[in-house]
Amino acid sequence: MADFVVKFCCKNCKHLNRIQRSQVDEAIKIGNKPVGVCGHCGMVNQFIDPSLANKEDSKPLICVPFVDTWPTRLPAGSLPGGMFADAFGKSLNEVDFMMQHGVNPRINLAYRKAGLPEPKEKCP
Ligand SMILES: [Zn+2]
């Protein structure tokens with residue numbers, strides 16, 4: 001099947017993200033829920049219905065709204081060796097941090113350091 005770009009709208013910052021359809025398919029194939037890591041704020045979005053991304057130029061996927069538990073989910077800072085500290089003082093690598101807290105710590109720290117800038121391309 002031809003690969004194409006799937007758009008999704010981050011529920012946190014409203015950034016319009018683009019990922020490859022093959023990434024969604026790959027996650028489904030290995031039995032995972034496909035997720036979209038926002039390239040702007042780092043939040044890991046879950047799609048309400050990923051099967052709607054079935055053709056090129058389909059509407060952006062709608063993501064599941066976040067339940068507001070943020071302060072404890074956000075990274076407290078970066079540590080040497082590519083590790084990140086969570087709000088509880090635990091040291092995690094990037095992937096484990098995303099799995100446990102639903103946030104990409106590297107993207108999120110950069111986003112907060114930059115003063116939570118508005119996304120360049122907002123969802124329609
Ligand atoms: Zn975002």
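In this predicted model, Ala-85 stands opposite Ser-91 of strand E7. The strand pair concerned is E6, residues 83-85, and E7, which are joined in the antiparallel sense over three bridges. Strands of a sheet pair through backbone hydrogen bonds, in either a parallel or an antiparallel arrangement.

**The sheet of E5, E6 and E7**

- Strands E6 and E7 belong to an open sheet of three strands, ordered E5-E6-E7, with antiparallel pairing.
- Strand E5 (77-79) and strand E7 (91-93) are the edge strands, each of them pairing on one side only.
- From one strand to the next, the twist averages 40°.
- Helix H2, made up of residues 94-101, lies across E6 and E7. The helix runs at about 105° to E7.

- Strands E1 and E2 run antiparallel and are joined by five bridges.
- Within this pairing, Lys-7 has Arg-18 of E2 as its bridge partner.
- The hairpin has six residues between its strands, and Lys-14 takes a positive phi near 70° there.
- Strand E1 covers residues 5-9 and strand E2 covers residues 16-20, with Lys-14 in the loop between them.
- Ile-19 has its place in strand E2. Apart from neighbours within four places in sequence, Ile-19 is in contact with Val-6 and Gly-36.
- Ile-19 and Gly-36 are 17 residues apart along the chain, and their C-alpha atoms are separated by 7.7 Å.

**Residues with a positive phi**

- Most residues other than glycine have a negative phi.
- Lys-14 has a positive phi of about 70° although it is not a glycine. With 16 other C-beta atoms within 10 Å, Lys-14 is partly exposed.
- Leu-116, likewise not a glycine, has a positive phi of about 50°. Leu-116 is found in the segment that follows helix H3 (105-113).
- Why does Leu-116 count as exposed? Leu-116 has 10 other C-beta atoms within 10 Å, and the exposed class takes residues with 12 or fewer.

**The segment after H3**

- Gly-115 is also found in the segment after H3.
- Gly-115 has 6 other C-beta atoms within 10 Å and is therefore exposed.
- Gly-115 and Trp-70 are 45 residues apart along the chain, with 17 Å separating their C-alpha atoms.

**Domains and their contact**

- The domain assignment gives domain 1 as residues 1-65 and domain 2 as residues 67-114.
- The centres of the two domains, taken over C-alpha atoms, are 21 Å apart.
- How many residues does each domain bring to the contact? Domain 1 contributes seven residues and domain 2 contributes seven residues.
- On the side of domain 1 that touches domain 2, four residues are nonpolar, three are polar and none is charged.

**Overall architecture**

- The secondary structure of the protein amounts to three helices and seven strands.
- Along the sequence, these elements follow the pattern β-β-α-β-β-β-β-β-α-α.
- The C-alpha trace spans about 45 × 35 × 25 Å along its principal axes.
- How does the radius of gyration stand against that of a compact globule? A compact globule of 124 residues would have a value near 14 Å, and the 15 Å of the protein agrees with it.
- Of the 124 residues, 26% count as buried.
- Among contacts between residues at least 6 apart in sequence, 49% join residues at least 24 apart.

Definitions and conventions:
Residues numbered from 1 in each chain as written. Predicted model: local features only at pLDDT ≥ 70, side-chain atom pairs only at ≥ 80, totals over all residues. Domains from an automatic or database assignment. Contact = placed C-beta atoms within 7 Å. Nonpolar A, V, L, I, M, F, W, Y, C, P; charged D, E, K, R; others polar. Pairing = 2+ DSSP bridges. Helix = DSSP H or I, 4+ residues; strand = E, 2+ residues; numbered from the N terminus. Axes fitted to C-alpha atoms, helices over the stretch in contact; angles between N-to-C directions. Buried ≥ 20, exposed ≤ 12 C-beta atoms within 10 Å, placed from the backbone. Rg over C-alpha atoms; globule rule 2.2 N^0.38 Å.
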